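This report describes a protein model in running text. Please look at the sequence and the structure first.

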Amino acid sequence: MSRSFEDIRTESGRRWQALTGGQVPWIRVGSALCGKAAGADSVIELIHEELRQHNVEAVVSEVGCLGLCYAEPLVDITMTNGSRLFYGPVTPSEVPAIIYSHVVRNAPVADLALGYLGGDGLDGVQDLKQHPMMRNQQRIALRNAGNIDPCDIGQYVANGGYDALHKALSSMTPEETLEEVNKSGLRGRGGAAFPTGTKWSFLARSSDPVKYILCNCEEGDPGAFNDKGILESDPHTLLEGMVLAGYVTGANYGYVFIRHGHDGPIHRTREAIRQAQELGILGDNIFGSGFSFNIEVSLTGDSYVSGEETALMEAIEGSRAMPRFRPPFPAQVGLFGKPSNINNVKTLAYVPQIIDKGGDWFAEIGQNRSKGTAILCLTGNLAYTGMVEIPLGMTLRQVIYEVAGGVPNGKNLKLLQTGGPLGGVLSAEQLDISLDFEEMAQAGAILGSGGIIAADEDTCAVDMTRALIAFCQFESCGKCFPCRLGMTHILEMLERICRFESEPGDLEMMRQVGQNMQAGSLCGHGQLGFNPVSSALRHFGDEFHEHMVERRCPTGRCMADRYSPQSTRR
Amino acid sequence: MTTDAEGLKERVNKALNSQDQSTITLLSSLLVVHDELGYMPEEAVEEVARYTNSTINDVWGVASFYTNFRFTPPGTHTVELCWGPSCHVMGAMPVVKAVLDALGLDSESDTPDGKMTVRFNTCLGACAQGPVISVDHKLMGRLSPDVARQVIAGLDGEGVE
């Protein structure tokens, strides 16, 4: 507790040098949710077994997500020349050969390698920096993802972690710190794109002695996993951002809100909090500054709407996650009736670098009023699926065809679903839109949480719309009847259309119901809930016509069995 | 494994008292008890009500809202199938069909012999690896209907390599 930050930094640096110096091989295995789903656990087990059998020494770490999810399980081993050699996707049967050659005999296996990072690399192996997914990136919030052990605070500190907090607490006033955030032009990455500094200033103005900083990692959008990805890969960057938010706004307590069941992000965040408390980076009188801040993890049950800011507060308080009326806004009456500020994980994760390098530095990245980077989750029919951080302003075409390697199997792209189910769909003709909050909104889409689901020509636009509405229907919290009943009604009509049993007035009826949902719902779920249908009708009206008039599905998808649960919320 | 009332009460209270965060609520209490038992029997609902100083009605209200809570014992194995839009595009429906057909089910439910529970999940969080399922909380990605059938057969003890 009594150790100075200088001491912590020196010791962390020494340990990092030892780890990366190449004396003892350092084996890092991608084991975020994407790695686990690809079988990282059995690969790790096998690695330990092989090391034991050969009786060789190596450090094995579970790291987060480097972003190349398509190549998971991804294993990288340091080479004596300082490079990191990546193998992936690693099958269990390849582990013995990799360990024996690379670790025991010190002969890295070029044939099985995906690429290298840093140093001189290895003959016949590509520099991963030139990989399409890596070369367009500018990693700010993801700077440590996949590189450091998220359960070792020392590795975060050794890479510049908590420097920003130390700098702010020792040499900047809360007002000066806020000014940097204002200058950066940072806007909320949860979907609404509200200027973060402005939001913080609302809370800073409140004179209530008890205020809260809430971090939203509910992340229920199918196709988005970047919030969970940050918590699993580099939880301290979020914690540091939260403490800085507390310093600016005068709050002393924070909650990280995560959906129950996502064990990786939950455990790693809890462990990070524990380690930060142990070093006195969380708790009373941080770095002797007189400022105190603490954080706890709060879990929610399965409910998509609990990611809505006021429903989130209901869930932390232990109630049904249903949105509240606004006003009063959270900055006046929030969690437990106290002034509160809610930010998305990504938003807060940018803050340490903004304070470290200055708001002007951040504001130079991006275009127009969209500053900084977009942290995208690329899923669906793409050659390279994964998580990337690229400067705002890049076009969707670049994202799909350069970063994600295009659509595999020689198929054509048909549609994109961006920003979560409520974001609706874009057609393949709209790829010249850039990643820009205003431009996306103008095109009738949102950047939202950063999820981009690409669907190829085999996808039926009507079936896709039905799937999106099935999700929205299931997840309606039920508080506002236009949303609760409207979603069910629209889903019934879409089911009819998919069975080629639609009735002549169905489209008009859907539009009316959609209007009522928009006008009569408290939160975005009902207000935006018609987006999937309206955007699909706009771009794929012909396909609806074929289903409704010609009674056929051009892709045949609607002839296959489909399943979705009906909401059981009571 | 105990079914008697005293044993159950003890397990519930042990779970309730294991909460070490400073904000303990009705929802946080439900989550730890559900983790311990796998479902919420009436006796557990009553204990949560007592522990959180709320009414049984309040507890039912919260428990019936979040779709992860169930009120009857789950099967020996629980298979969660992602049906969200991302996995849908990547071929979730044929995987869901393969699993349901293999178990003789029409939709999410338990098999009559009580061995298997099938649950639809809107997002398991590993979207880049879709279609995703989880078997007893272990994630599996890039599933094909064939592999899904093998996984189910393996759980059923019907002998699969």
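Strand β6 (residues 212-217) of chain A pairs with strand β9 of chain A in the parallel sense, over five bridges. Two strands are said to pair if DSSP finds at least two bridges between them. Helices (H or I, at least four residues) and strands (E, at least two) are DSSP runs, numbered from the N terminus. The model is predicted: local features need pLDDT of at least 70, side-chain atom pairs count only at pLDDT 80 or more, and totals for chains, interfaces and linings use all residues. Residues are numbered from 1 along each chain as its sequence is written, chains are lettered from A and ligands numbered from 1 in the order in which they are written, and side-chain values use heavy atoms, with hydrogens and water left out.

**A covered strand in chain A**

Strand β9 of chain A covers residues 340-344, and five of its five residues are buried. Buried means under 20% relative accessible area, exposed means over 50%, and partly exposed lies in between (1.4 Å probe, protein chains only). A:S340, A:I342 and A:N344 point one way from β9(A), while A:N341 and A:N343 point the other way.

A:L335 lies in the loop between α13 (309-316) and β9 of chain A. Is A:L335 buried or exposed? A:L335 is buried, and its relative accessible area is 0%. Leaving out residues up to four places away in sequence, A:L335 touches A:Y212, A:L214, A:Y255, A:M313, A:I316, A:E317 and A:S340. Contact here means heavy atoms within 4.5 Å. A:M548 is 213 residues from A:L335 along the chain, and the C-alpha atoms of these two residues are separated by 48 Å.

**A helix in chain A**

Helix α4 of chain A spans residues 95-104. Its buried residues are A:V95, A:I98, A:I99, A:S101, A:H102 and A:V103. An α-helix has 3.6 residues a turn, so residues three or four places apart point the same way. Which elements cover the buried residues of α4(A)? The cover includes β1 (26-30), α3 (40-54), β3 (75-78) and β4 (84-87) of chain A. After α4(A) comes A:N106, which has a positive phi near 55°.

**Strands in chain B**

Strand β2 of chain B runs over residues 116-121, and six of its six residues are buried. B:M116, B:V118 and B:F120 lie on one side of β2(B), and B:T117, B:R119 and B:N121 lie on the other. Strand β1 (residues 77-82) of chain B pairs with β2(B) in the parallel sense over six bridges. In this pairing B:T78 has B:T117 as its bridge partner, and B:C82 stands opposite B:N121.

β1(B) also pairs with strand β3 (residues 133-135) of chain B. That pairing is antiparallel and has three bridges. Within β3(B), B:I133 is the residue opposite B:L81.

**The two chains as a whole**

Chain A contains 22 helices and 16 strands. Its radius of gyration is 24 Å, close to the 25 Å that the globule rule gives for 570 residues, so chain A is as compact as a globular protein of that length. The radius is taken over C-alpha atoms, and the rule is 2.2 Å times the number of residues to the power 0.38. Among the contacts in chain A with a separation of 6 or more, 71% are between residues 24 or more positions apart.

Chain B has seven helices and four strands. From the N terminus on, the order of its elements is α-α-α-α-β-α-α-β-β-β-α. For contacts in chain B between residues at least 6 apart in sequence, 59% join residues at least 24 apart.

The table lists further values for each chain. Accessible areas come from the Shrake-Rupley method with a 1.4 Å probe; for residues, only the protein chains shown count as cover.

| Chain | Spans of the C-alpha atoms along the principal axes | Buried residues | Accessible surface |
|---|---|---|---|
| Chain A | about 75 × 60 × 45 Å | 62% of 570 residues | about 20100 Å², 48% from carbon and sulfur atoms |
| Chain B | roughly 50 × 30 × 25 Å | 55% of 161 residues | about 7100 Å², 50% from carbon and sulfur atoms |
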